[in-house]
Amino acid sequence: MSKPDDLLVAIAAAVESQQTNQMSLTVLVQGAVITGRLAPESAWRRRVAEVLADSDRLGPFASLFMDAEQTGASPRSAPQTPSYLHFHVARILQGTVGIPETGGMYRIAIKDVSAWTMGDFSYSEP
């Protein structure tokens, strides 16, 4: 999408301002269908940092996800227009399977979303 969808930007801004992680969304990005729940960027960063910190090999990268928030480089006092969607408990849909099965953390540029719908998709055994 060359110009981000104003409604999608407004949804992302509402998630940020209300600090809620209950908005389910499905997006199409370069042919991939991604479904899950949106999270505020600060919560998303915190969770990714926690996962990385628990890893022996990836632990040193955890601080990269918290630095902007801790140093004040990304102040939340003034409303900002979001450029990214931050998904948690998200899956890339591939045929009849969602990858990863348990859900993952994805950061998607709003400008790259070519289609979207409210809600998420889940699979049940046939």
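Which residue in β3 is the bridge partner of Arg37? In this predicted model, in which local features need pLDDT of at least 70, side-chain atom pairs count only at pLDDT 80 or more, and totals for chains, interfaces and linings use all residues, the partner is His88. Residues are numbered from 1 along each chain as its sequence is written, and side-chain values use heavy atoms, with hydrogens and water left out.

The secondary structure of the protein consists of three helices and five strands. Helices (H or I, at least four residues) and strands (E, at least two) are DSSP runs, numbered from the N terminus. Read from the N terminus on, the elements follow the order α-β-β-α-α-β-β-β.

The five strands form an open sheet in the order β4-β3-β2-β1-β5, with antiparallel pairing; two strands are said to pair if DSSP finds at least two bridges between them. The edge strands are β4 (97-109) and β5, each of which pairs on one side only. From one strand to the next, the twist averages 35°. For such angles, axes are lines fitted to C-alpha atoms, for helices over the stretch in contact, and the angles run from 0 to 180 degrees between N-to-C directions.

Within the sheet, β1 and β2 run antiparallel and are joined by six bridges. These two strands form a hairpin with two residues between them, and Gln30 in the turn has a positive phi of about 50°. Val29 stands opposite Ala32 in β2. Strand β2 (residues 32-38) is in turn joined to strand β3 (residues 84-94) by five bridges, again in an antiparallel arrangement. Besides the pair of Arg37 and His88, Thr35 has Arg91 in β3 as its bridge partner.

Strands β3 and β4 pair in the antiparallel sense over eight bridges. A hairpin with two residues between the strands is formed by β3 and β4, and Gly95 in its turn has a positive phi of about 65°. The bridge partner of Tyr84 in β4 is Ala109.

Two helices lie across strands of the sheet. Helix α1 (residues 6-18) lies across β1 (24-29), β2, β3 and β5, and runs at about 60° to β5. Helix α2 (residues 41-53) lies across β3 and β4, and runs at about 125° to β4. The 13 residues of α2 reach 18 Å from the first C-alpha to the last, close to the 18 Å expected at 1.5 Å a residue; the expected span is 1.5 Å times one less than the number of residues. The buried residues of α2 are Glu41, Ser42, Trp44, Arg45, Val48, Ala49 and Leu52. Because these residues cover an arc of only 160° around the axis, they lie on the same side of α2; the arc is that of the directions from the helix axis to the C-beta atoms.

Burial is defined by relative accessible area: buried means under 20%, exposed over 50%, and partly exposed in between (1.4 Å probe, protein chains only). Ser114, found in strand β5 (residues 113-118), is partly exposed because its relative accessible area is 44%. Ser114 and Gly31 are 83 residues apart in sequence and 8.7 Å apart in space, C-alpha to C-alpha.

Across the protein, buried residues make up 33% of the 126 residues. Of the contacts (heavy atoms within 4.5 Å) between residues at least 6 apart in sequence, 60% join residues at least 24 apart.
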